[in-house]
Amino acid sequence: MEFLRKIRKPFPYSFYNASFIIIGVNVLVFVLTYLYPKLLSYLSLNVVYVVRYHMYWQPLTYMFVHGSFSHILFNMLGIFFFGVAVERAIGSKEFLLLYFCSGILCGVISFAIYYATGTFVFLMGASGAIYALLLTYAVIFPRSRIFIWGILPIPAPLLIAIYAGIEIASQLFSLRDGVAHMAHLTGFAVAWLYLMIRMGINPWKVWKNAYRS
């Protein structure tokens, strides 16, 4: 199809450490919100602020806001360990498109769900985009093993399945732990669709072929 041919036109490969730039911006925003706490309300994603006060930038800026040191630490480690490898594999332009498409769509979908259910929490953090990177990493490097706690090796595709199961269970049982489980699941879903539509890659086939005996 002509539409797919156009949408799958690849970028010329280039690599300029966009992952580290994103990490730097996140750290800068974290410092600014620590110094000026009111920024959290303006940059996080909240239904009331978007609808009533027209803060339409929030589906983008929420990705750079974190509520605690541990929150930003683990998210930035996720970008460091998985984002850099994905960026090297697909190039910086493709990486940025994937990252921001995933993060923004996670924000938009979360906003729609919050609006429909009357939920007025503040959504913040890069987790949705990072879960998209994690799934993409598992597709690009299907035989890679990720060491949990530094000692337990788990194949990347299996880790995706475990994470997805945890997030689905947490969402179904409505665990009030302050974690945006729906955003995490949306990150997986958006990355899956991105790989299928934009890159013409079927993750399931990749994993099936990688572990075919």
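Student: Why is asparagine 17 called partly exposed?

Tutor: Asparagine 17 has a relative accessible area of 31%, and since buried means under 20% and exposed over 50%, with partly exposed in between (1.4 Å probe, protein chains only), asparagine 17 therefore counts as partly exposed. This is a predicted model, in which local features need pLDDT of at least 70 and side-chain atom pairs count only at pLDDT 80 or more, while totals for chains, interfaces and linings use all residues. Residues are numbered from 1 along each chain as its sequence is written, and side-chain values use heavy atoms, with hydrogens and water left out.

Student: What makes histidine 54 count as partly exposed?

Tutor: The relative accessibility of histidine 54 is 45%, so it counts as partly exposed. Histidine 54 sits in the loop between helix 4 (47-53) and helix 5 (58-61), and its phi, near 60°, is a positive value in a residue other than glycine.

Student: Why is glycine 91 called buried?

Tutor: Glycine 91 has a relative accessible area of 2%, and is therefore buried. The residue lies in the loop between helix 6 (69-90) and helix 7 (92-117), and, not counting residues up to four places away in sequence, it touches Tyr13, Ser14 and Val86, where contact means heavy atoms within 4.5 Å.

Student: How do you know which classes of residue line the second largest pocket?

Tutor: The lining consists of Ile7, Leu97, Cys101, Leu105, Val190, Leu193, Tyr194, Ile197 and Arg198. Ala, Val, Leu, Ile, Met, Phe, Trp, Tyr, Cys and Pro count as nonpolar, Asp, Glu, Lys and Arg as charged, and the others, Gly among them, as polar, so the lining has 8 nonpolar, no polar and 1 charged residues. Helix 10 gives the most to this lining, with 4 residues.

Student: What does UniProt place at residues 96-115, and how much of that span is helix?

Tutor: The unreviewed UniProt entry places the feature "transmembrane region" at several spans, including residues 96-115, although such annotations may be inferred rather than shown by experiment. In the model, residues 96-115 are 100% helix and 0% strand, with the end C-alpha atoms 28 Å apart.

Terms used. Helix = DSSP H or I, 4+ residues; strand = E, 2+ residues; numbered from the N terminus. 1 Å grid on protein atoms, 1.4 Å probe; cavity = no way out; pocket = protein on both sides within 12 Å on 5 of 7 lines; lining within 4 Å.
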